[in-house]
Amino acid sequence: MSQRFRTAAGGRIDRARPLGFSFDGRGMEGFAGDTLASALLANGVHLVGRSFKYHRPRGILAAGSEEPNALVEIDRGAGRRTPNLRATQVELHDGLVARSQNRWPSLAFDAGAVSDRLAPLLPTGFYYKTFLWPPRAWARLYEPLIRRAAGLGRAPDTADPDRYVQCYAHCDVLVIGAGPAGLAAARAAAGSGARVIVCDEGAEFGGSLLAEERARIGGVPAAEWLRDTLARLEAAPETVLLARTTAFGYYAQNMVGLIERVTDHLAAPDPALPRERLWQVRAREVIVAAGSIERPLVFPGNDRPGIMLAGAVQSYVVRYGVRPGRRAVVAAEGDSAYRAALALHAAGVEVAMVADLRDAAEGALPQMARDAGIPVRSGATIVGTAGRLRVRSVTIGFSGGRERVAADLLCMGGGWTPSLHLYSQARGRPRHDPTIGFVPRTPVPGLTCVGACRGVFGLAEMLADGAQAGAAAAMRAGFAASGESWAVEDAPSCECAPPRAPGPGSGRAFVDFQNDVTAKDLRLATREGFRSIEHVKRYTTTGMATDQGKTSNVNALGIVAQAVAAPVEAVGLTTFRPPYTPVSFGALAGVARGALFDPVRTTAIHGWAAAQGALFEDVGAWKRARCFPRAGEDMHVAVARECRTVRETVGLFDASTLGKIEVVGRDAAVFLERMYVNALANLAPGRCRYAVLLGESGFVRDDGIVGRLSADRFHVTTGTGNAALVLGLMEDYSQTEWPELQVWLTSVTEQWAVIAVQGPRAREAIAPLVEDVDLSRQALPHMSVRSCQVCGVAARLFAVSFTGEIGFEINVGADHGLAVWEQVWERVQGLGGAVYGTEAMHVLRAEKGYVIVGQETDGTVTIDDLGLGWAIGRKKQDFVGKRSLSRPDLAAAGRRQLVGLALDDASRLPEEGMQVTAAAQDRTAIGHVTSAYGSGTVGRAVVMALVADGRARMGEIVFVQMTAGAMAARVCDPVLVDPEGARLHG
Amino acid sequence: MDDRVRGALDGVAPIEAAGVTVSVTPRFDRAVLRGDAAAFGVGLPDQVGSVAERDAGAVLCLGPDEWLALAIPGGAVLRVAGAGAAVDVGHRQTALDITGRLAAALLNAGCPLDLHVTAFPPGSCTRTVCGKAEIVLWRRAAERFHVEVARSYAAYLWAFLAENARGLR
Amino acid sequence: MLLIPCPFCGPRPEIEFVYGGEAHIARPADPSALDDAAWAAFLHTRSNPRGRHAERWRHLHGCARFFNVVRDTVTDRFAEHEAGG
Ligand SMILES: [Zn+2]
């Protein structure tokens, strides 16, 4: 019979909307408004999983996010299999497919349960003590064995097809938790006109009010007050209500991470909707109304299916209209458990006994239970339970002896632990209250805890606390606010059970259900010398499962405190860390996957290159054309052809990614003179200089071309990957060291497309396109710059070369880049030239011994190491990094210096980074290869290397340690093509 | 020359989603102005984050000595007299127009600033970030933002906004 | 994410800033006058305190200015602004 354990009426489920779902392949029915847990219970299913270590049968313990046992896998189709979801939070929808975990072959018969019978052999620290020796056995034996047995749930094995998004939000008041205290706070804050965000991890706002059957607030039933409050909040224009949204982490200065589950509860979600939305909320004021979590009782056999938290049982009965059993025992350590007894009784469940662990059971709620005819016995202890896949009986001890009571439901009411997670993440320090447990102590600026999470439990008190705090927070945020107050009736006062350690008892009494840690394990750890709770935690793994010990930490603490005979506050709480509940990787990644993982920067000419069939490489975030293979060519052949064409005719190259900085102002020359090693103050307008930039520590940071456009305006280039770094460095000096200089820096990297034309016929190629500039060698020598018109648009024309051939770099506005490129290409093509990519560029520059900062350098290379000392302006008193050049280590002999290497075997090509040794068999490197390319022009590999005292070793034989063995190489000058520069100045 | 001008986002169709539309603006001339406000002979807004709108464009005050001047092509040429610098950046950036009830919400998918109309009212501007791109944001009206992005980041920003415009809350 | 008080833009999210190291480490007016030890101290020696730390930030993706501010390295709270360099 379907839903045999549904109550006749009542609850917040919609009985008119039945929903079909399956659990381990078995079809069942529930109602809209159910969670998977409540629907399973309505169908009489308590056994929902196997425990992690001992594979013990486990049921549903709780009704909220603190659930340690009922972890299930939800399958929403290909790639959408999510493990380890709490059945208590999974909302039912039509067609939901759920499976139990950690069992093989079936839930009822689990082969892994053999480890339960081996439990005496698996004490705490078993792995630490057992798998010690020999070390080799780790890789081959222990680790594979442990890995197979360990792990909870199955990780998905295909890419996640769902969308996840993120957003930033701001508000005056963020209210976390929409129970009575949170709602009262939200109502006060929203009423003031403040911007309010209210979030709650549940599907419905209301918290404990959703399971409130008796109380009246302001003269109306609690449910009506809730309805009215939600209507007011929804009507408030500046208020955002986020259900199914967990505040998972508190970060600096009131930034709170929220995870909103947008579609998992829907049978057929709108495909436009993301599955989850991650909110980063910056709030002026945060109100934490996180509530409290009921503690299980620690007694032997406390983990059988059918043994549940009393508050959860009340919630299942009242909110979900479910009878979680036929015959119940309620074990009460405080008054609140009586509410479960009363609710069960009202729903027609036989309550065999309330076994009150206190010496006396007085107060309003015990009296109400007695009045209802429920047997109440005080002075009880729970001695044990029986039942294999479901609790069958409870053995209760009294001063007079023991009594075995048949029951299929045992409710545990062990008192309530305030949820300090967010408060503690915000660096609040709690204190220990002997009647409540840990409660907030130190204030956190901008953060207020209200209600049960700060130990305020009565309904009237929670409402008042919330209303007052909500109004105060709104006022601190600059709004006129006042808290309402409501008369509360029929909410009987509830004596809270103080946390206390359980008695020693025999049998396994579980503390941490998810990691299968027992009271005995904790006591063993203390006997073995562990004293700090942080150490006990790591040794026993208590509190380290995915629930982070929400139901277990306080019990564990009590046991350890008792065992070491120290007060609880001296043992201390373990650290609370985000996330409060697990957050999916998808939500953390957001849209930053695939094409949006990282920006891909392209130049104005990129589309043209792609259409030509270029191969691209990543240089920083840029895509650069690496080479342009023609039909039938591989990259090797294409690069060789491109190099040859540049040396013999003319080549066209997209250099747009070069960093460019426009340096303007009366003192621009003075500024650059101080930044670069070179003498630049005397650079004439219209001329350029190759310039090197050091860090203050003396090592090379960048190099580039400094071109002087006019007296007060320079165009400076940087390496492609260095543009931001160089600009940042220059801004630092300009703003903070030399603010008196009138100089302003502007990044113009993206303003200019740079079209490089290089080769003996370069001048001829561009001449017809350039207006009003005499391109002759005399009028426009190498290292010149002119502002002019090229192809009818404004241009900066540089006569510079990075190939050793005659070269020009035409800078035109980026939006004109493609059009100008196409016209230049037409000319180049007409002369038999070619377009070339970065690979040919590298070969050409290496043949000339030109360095690339970041390739020949690694942050520990000096300008002298590179052989570029000539660039230093000798008469300069100071420049950035100059003082460091005379530090002993930088001036010492034995530094690695840039040289060329000519390999004995001309057919061999070493790899960059290969070590260089003095003798073939040496194990100590004297240097390393920085660049190596095949070169048709030179007829062998062009190799640049940094070698100790390299310039003094010219002609010596050294060895490159190649993969196949040492290869002899002769140290040579790195400049291999046209060392006199005749071609350059041709 | 117009037929030879290629913007970074030429030819893309506007992003149209519930509550928000994103389109590429017509071309602007742009200049970065640095130095003393007095150096430029025209009144520059002197509050960081404020905008002075003019017939043919606008001047955005991005820093204590930094302005971004936007003008339709052919607008007035700025002359610098005194301690200041003007640099042409007309091709450096691409501009987007984001309009609609959810314009601010779309930007907040990647922009960490408070874009509530009371916190960032019309006439406000700033440099900030959106996703992994730097942007300049100018709120032209309650439901209209002008966004400047570096040319090579325009395609990324466009794709980022298109993706986030779906199912926007 | 920290909320960093920019003297020109007000409190802004950390993601817009780059850290600039300890404040008040001025470059010597004449580095050549320093001996090696003094120059090494300028390059490398920093106070790294537990508590109040005067430090530099640059509002890179904002007004782009450098500024000094005092941050408590224990609580991450910012205390006050200081002028310039
Ligand atoms: Zn700023």
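A quick word on what we're looking at. This is a predicted model, where local features need pLDDT of at least 70 and side-chain atom pairs count only at pLDDT 80 or more, while totals for chains, interfaces and linings use all residues. Residues are numbered from 1 along each chain as its sequence is written, chains are lettered from A and ligands numbered from 1 in the order in which they are written, and side-chain values use heavy atoms, with hydrogens and water left out.

Back to A and B. A salt bridge is a side-chain nitrogen of Lys or Arg within 4 Å of a carboxyl oxygen of Asp or Glu. You can look at Glu260(A) and Arg169(B), whose side chains meet in a salt bridge at 3.3 Å, N to O.

There are also 25 residue pairs in polar contact between chain A and chain B, both residues at pLDDT 80 or more. A polar contact is a pair of N or O atoms within 3.5 Å; within protein, one must be able to donate a hydrogen and the other to accept it, and residues adjacent in sequence count only if both atoms are side-chain atoms. Helices (H or I, at least four residues) and strands (E, at least two) are DSSP runs, numbered from the N terminus.

Now over to chain C. Chain C has one helix and six strands, and along the sequence they run β-β-β-α-β-β-β. The C-alpha trace of chain C spans about 40 × 30 × 20 Å along its principal axes.

Which protein atoms hold the zinc ion as donors? They are the SG atoms of Cys6(C), Cys9(C) and Cys63(C), plus ND1 of His59(C), lying 2.0 to 2.4 Å from the zinc ion. Donors are N, O and S atoms within 2.8 Å of the metal (3.2 Å for Na, K and Ca), and water is not among the atoms, so sites may look incomplete. The four donor atoms make angles of 101 to 117 degrees, and the site is tetrahedral, a label that four donors get if all angles lie between 85 and 135 degrees. Along the chain the donors follow the spacing C-x2-C-x49-H-x3-C. Cys9(C), in the loop between strand 1 (3–6) and strand 2 (10–13) of chain C, and His59(C), in the loop between strand 4 (52–58) and strand 5 (66–72), link distant parts of the chain, 50 residues apart.

Chain C also touches chain A. That contact takes 28 residues from chain C and 29 residues from chain A, and it buries about 2,300 Å², with carbon and sulfur atoms giving 46%. Met1(C), Arg27(C) and Phe66(C) supply 31% of the area that chain C buries there, more than any other three residues. Four salt bridges cross this interface, and the side chains of Arg27(C) and Asp878(A) meet in a salt bridge at 2.8 Å, N to O. Helix 1 (36–44) and strand 4 of chain C each give two or more residues to the side that touches chain A, and helix 1 has the largest share, six residues.

Last stop, inside chain A. Asp162(A) forms a salt bridge with Arg76(A), with the closest N and O atoms 3.0 Å apart. Asp162(A) lies in the loop between helix 4 (135–149) and strand 8, and Arg76(A) in the loop between strand 5 (71–75) and strand 6 (81–86), so the pair ties together parts of chain A that are 86 residues apart in sequence.

Conventions:
Tetrahedral: all angles 85-135°; square planar, octahedral: opposite > 155°, others 65-115°. Contact = heavy atoms within 4.5 Å. Buried area = accessible area lost by both parts, 1.4 Å probe.
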